[in-house]
Amino acid sequence: YATAESNAMISTISQSGTYYVSAYEDGCESDRIAVEFTIILLPTPEPTPMQEFCGAAFVTELETNSQTDHQVNWYDDANASEALPSTALINTGTYYMSYSGDGCETEKEAVIVYVYEIPDSVEEQTFAVCGYASLADFAIDIPEGGVLNWYASMENLTPLEGTTQAQNGTFYASVTYNNCESERTPIHFVVYAGLPMPAASSQAFCESATVADLVASGLVSGAEFYWYDAADATQALATDTALQNGTYYVSQENAECESTRRAISVRVIQLSAPVINPIFVCDGEKISDVDIPATTGVEYVWYSNPTTTTPIENETVLSTNVYFISKTLDGCESERTTVDVVVNPVPDAPTGETQQSFTYD
């Protein structure tokens, strides 16, 4: 009963206090005696449902996600009766939490736990920097799926942006993998002044040429020119490599740096000797009067013999003779062709009366 005098029996006790109990048998009831009840209220366990740890972790590090003065118990099995000691190592798996106090214990709540290995530190190394470069430009081996972090010091808590300019000195790098971060490793940078891009223009060669024939300027003391057949080629061309029509790239390099590469157009001009039939002209005609078909840019050069280096002037009057003709294009000259030239005499002008009359029927 709730009181000593109450006639209403109760079946549930929901709060602490004094209650009264009697015995009842065969229609008779005993005197009531007082019984003191203390209701122990324990909070409902609300642990963080999924927890992650790096390296070695202990039961004491598991999060309860609530504040209470009651005893916190952790179990590695839902049916376990003995709680784990706070110094016990935890592993990836399911753990169970409860509260207890004054001889009472709550239901157990499950927690999923992941314990990851701390990734290995990156290797300490030194990079040479030519001119401007950002930290993101440097490749460091890290596990697939990992994230590389850069720091200004061993103690700095905020990672640097990848766009941070590399400078003379030491930065510190770590790897984050599965939300676990490795120890930081010093990465050293030595910054050199950047080399200017060489000056070079399109070039043409007659018959054949090699890389050694290519011309560039603007070489810095201590550097050398290197030629490539592609903008991203990693192997420079040997100096005796035969040139082909196309685009070549030149940079200058010293022991530390390579400049930006400059692209130039290269042409290797190969001219065959001209094919020319015998030429018939009229007396008094000059070389410049002779029309020999030619492709764009090609010009013909006339010589009096096959070995002389002095061409005949275009205003020279032709005579019946053998001439030697070559063709030129962009400074390149072909072999000479022997051509017969026949000069026909110009007939005398006709004579007659300047005014004439006729009678017709």
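A disulfide is here a pair of cysteine sulfur atoms within 2.5 Å.

The model is predicted: local features need pLDDT of at least 70, side-chain atom pairs count only at pLDDT 80 or more, and totals for chains, interfaces and linings use all residues. Residues are numbered from 1 along each chain as its sequence is written, and side-chain values use heavy atoms, with hydrogens and water left out.

**Overall form**

The protein chain holds 0 helices and 23 strands. Helices (H or I, at least four residues) and strands (E, at least two) are DSSP runs, numbered from the N terminus. The C-alpha trace spans about 180 × 75 × 30 Å along its principal axes. The radius of gyration is 51 Å, whereas a compact globule of 361 residues would have one near 21 Å. That radius is taken over C-alpha atoms, and the globule rule is 2.2 Å times the number of residues to the power 0.38.

Of the 361 residues, 30% count as buried. Buried means under 20% relative accessible area, exposed over 50%, and partly exposed in between (1.4 Å probe, protein chains only). The accessible surface comes to about 23400 Å², and carbon and sulfur atoms hold 47% of it. Areas come from the Shrake-Rupley method with a 1.4 Å probe; for residues, only the protein chains shown count as cover.

**Disulfides**

How many disulfides does a search of the whole structure find? The search finds 3. In sequence order of the bonded cysteines, the pairing is 1-3, 2-5, 4-6.

| Pair | S to S | Angle about the S-S bond |
|---|---|---|
| Cys54 and Cys180 | 2.0 Å | -95 degrees |
| Cys130 and Cys257 | 2.0 Å | -100 degrees |
| Cys206 and Cys332 | 1.8 Å | -90 degrees |

The link of Cys54 and Cys180 is left-handed. It joins distant parts of the chain, 126 residues apart: Cys54 sits in strand β5 (residues 50-54) and Cys180 in strand β13 (residues 180-181). Cys54 is partly exposed at 32% relative accessible area. Cys180 is buried, at 0%.

The bond of Cys130 and Cys257 is left-handed too. Cys130 lies in strand β10 (residues 125-130) and Cys257 in the loop between β17 (246-253) and β18 (262-269), so the pair ties together parts 127 residues apart in sequence. Cys130 is partly exposed, with 26%. Cys257 counts as buried at 3%.

Cys206 and Cys332 also form a left-handed link. Cys206 belongs to strand β15 (residues 203-206) and Cys332 to strand β22 (residues 332-333), distant parts of the chain 126 residues apart. Cys206 is partly exposed at 35%, while Cys332 is buried at 3%.

Cys28 is exposed, at 53%. Cys104 is partly exposed, at 32%.

**A nonpolar patch**

Which residues make the nonpolar surface patch of about 210 Å²? They are Ile10, Ile13 and Phe37. Patches are made of residues with over 30% relative accessible area and no salt bridge; like charges are joined within 9 Å, nonpolar side chains (Val, Leu, Ile, Met, Phe, Trp, Tyr) within 5 Å. A salt bridge is a side-chain nitrogen of Lys or Arg within 4 Å of a carboxyl oxygen of Asp or Glu. Ile13 lies in the segment before β1 (17-21). Ile13 is partly exposed, with a relative accessible area of 30%.
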